[in-house]
Amino acid sequence: MQNELLSELGQYLVEGSLTDVNVLQQTGQEPPLPILPDANVLKVGGQSFIDRGRAAVFPLIDEIVENLGRHDMIIGTGGGSRARHAYSVGLDLGLPTGVLSVLGTFVSMQNARMLHFLLAKHGIPFIEPIQFPQLPLYLAERGAVIFFGMPPYTFWHENPDIGRIPPHRTDTGAYLVSEVYGARSMIFVKDEEGLYTADPKKDRGAKFIKEISVAELSALDLRDVVVERPVLDMMQNAEHRRSIRVINGLVKGNLTRALDGEDVETLIYAD
Amino acid sequence: MTTQPEGREDRRYHIDSMLMRESLLDKDVQRSTEVPVFRMLPETHVLKIGGRSIIDEGREATYPVVEAIAQCLETKKLIIGTGGGARSRHVFSIGIDLGLPTGALAELAQADALGNAHMIGTLLSPYGVVAIPPAIFGHLLPLFIRSAPGVIFTGVPPYSLWEHPPAIGRIPPHGSDAGSFLLAECFGSKDFTLIKDVDGLYTRDPKQDASAAFIPEISVNDLRKRDFETLPFTA
């Protein structure tokens, strides 16, 4: 019996197996719609930025305010030093990855609330994951929102390949927001010019990388990278957000140039 | 205790900890965090009841499963996840046709698994076993499981808009099988059982191919090597 309520794809899905590669391929034929194509997602680092206090944060807040009305900004926050402290105590207590991710969420929430207090007089709201359906309204009205960067996986966090620290943290959470909304850009605001061959804070011989593909980057097999590795893996499967930019937010004007679409500092792209 | 000037040579305020000033992306730092894990609920069993394979079949398939669970509840603590079944498949097909991305589909799928959790919760209510809303489930699980012989949750994990883009197509990769497994892992449950309408793993889909051979036991590595076209659970 032909069920006219179901499209051909509907029949495949209702009757077929979701582990069947042929069925899965059918689901990717139409490109997805960009939901917020004019929005830019920023991620403000925890350890690299907010932990520096007023000296780093105030100039960045000024630059965000200067861009209100020029660019829509969805602003996520990192965890930083307190997340590292909570992880190390949690590890010592033997807590599982899922619980560590709950602890990390609390710290990135504190940082989000702090940026929110500084931007409150401009009418910028802080939203939790449950309030994301209101995000388009806030963006249309005020041009920016703040959220905590941790993805809301909590007790359902996957174990990492190595060690116990949750692999999907605030870089990943912010990146996934840019991908799901089909945002115009994903900008990581850190305290380095972008990607180096080693941690430039520890290794003076570290070389700066201006532009690199995900494949070239994984071939380098660096001991340390500037963004969480899952972001690089996810970029290769992404339908919208196939490049990210890492900028040094301590340099005045960098954020504005990145929002204007200029080629500032490191670009990492999926081939 | 905070460390700063002199400790502020890098102009960041730190709290003293093993991970202070370390990049969490450094592979050596990651290796140093390989430590034994505390088990929160070692006496519990996690079950996942298939949406399409059991609940969608109605009374005929669901009642016997509920009776079997009721019997187990007399002696065991059960944490029961549910899948979304045919309604999730349907909303996926409409959502894909409308051009929605994976994260949007994952958000929509929550509702179907939650509906099924409430159906099973209705049938198990004489035993004090009910569906718990996802927002409080994780945090209050140890309390609920101490007070009742079992609890029901939506097996679909709360990845929603933050779902990972899949390698092929657009179906959210973290469905109710993955969600129930991850919960069992985090809480250190004794075991994890998928309740389906087939005896388990076959070399092919046994509903479509009578010559499919049953596999009573296999390692994850062997399973990956044999690269079966379909599996009775999501990879």
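Here is a short chat about a predicted model of chains A and B.

Colleague: What are the ground rules for numbering and for pLDDT?
Modeller: Residues count from 1 along each chain as its sequence is written, and chains are lettered from A and ligands numbered from 1 in the order written. As the model is predicted, local features need pLDDT of at least 70 and side-chain atom pairs count only at pLDDT 80 or more, while totals for chains, interfaces and linings use all residues.

Colleague: Which helix gives the most to the side of chain B that touches chain A?
Modeller: Contact here means C-beta atoms, placed from the backbone, within 7 Å, and 62 residues of chain B are in contact with 65 residues of chain A. Elements supplying at least two residues each include helix H1 (27–31), helix H3 (86–97) and helix H4 (102–124) of chain B; helices are DSSP runs of H or I, at least four residues, strands are E runs of at least two, and both are numbered from the N terminus. The top contributor, with seven residues, is H3(B).

Colleague: In which sense do strand E3 (residues 44–49) of chain B and E4(B) run, and what is the hand of the β-α-β crossover?
Modeller: Strands pair if DSSP finds at least two bridges between them; E3(B) and E4(B) have six and run parallel, with B:Leu47 opposite B:Ile80. The chain crosses between them through helix H2 (residues 59–73) of chain B. Right-handed means that, with the strands pointing away from the viewer, the path from the first strand over the helix to the second runs clockwise. So by that definition, the crossover is right-handed.

Colleague: Which strands stand at the edges of the open sheet in chain A?
Modeller: Eight strands line up as E3-E4-E2-E1-E5-E9-E10-E8, with mixed pairing. Two of them have a single partner strand each, so one side of each is left without a neighbour in the sheet: strand E3 (126–127) and strand E8 (211–213) of chain A.

Conventions:
Contact = placed C-beta atoms within 7 Å.
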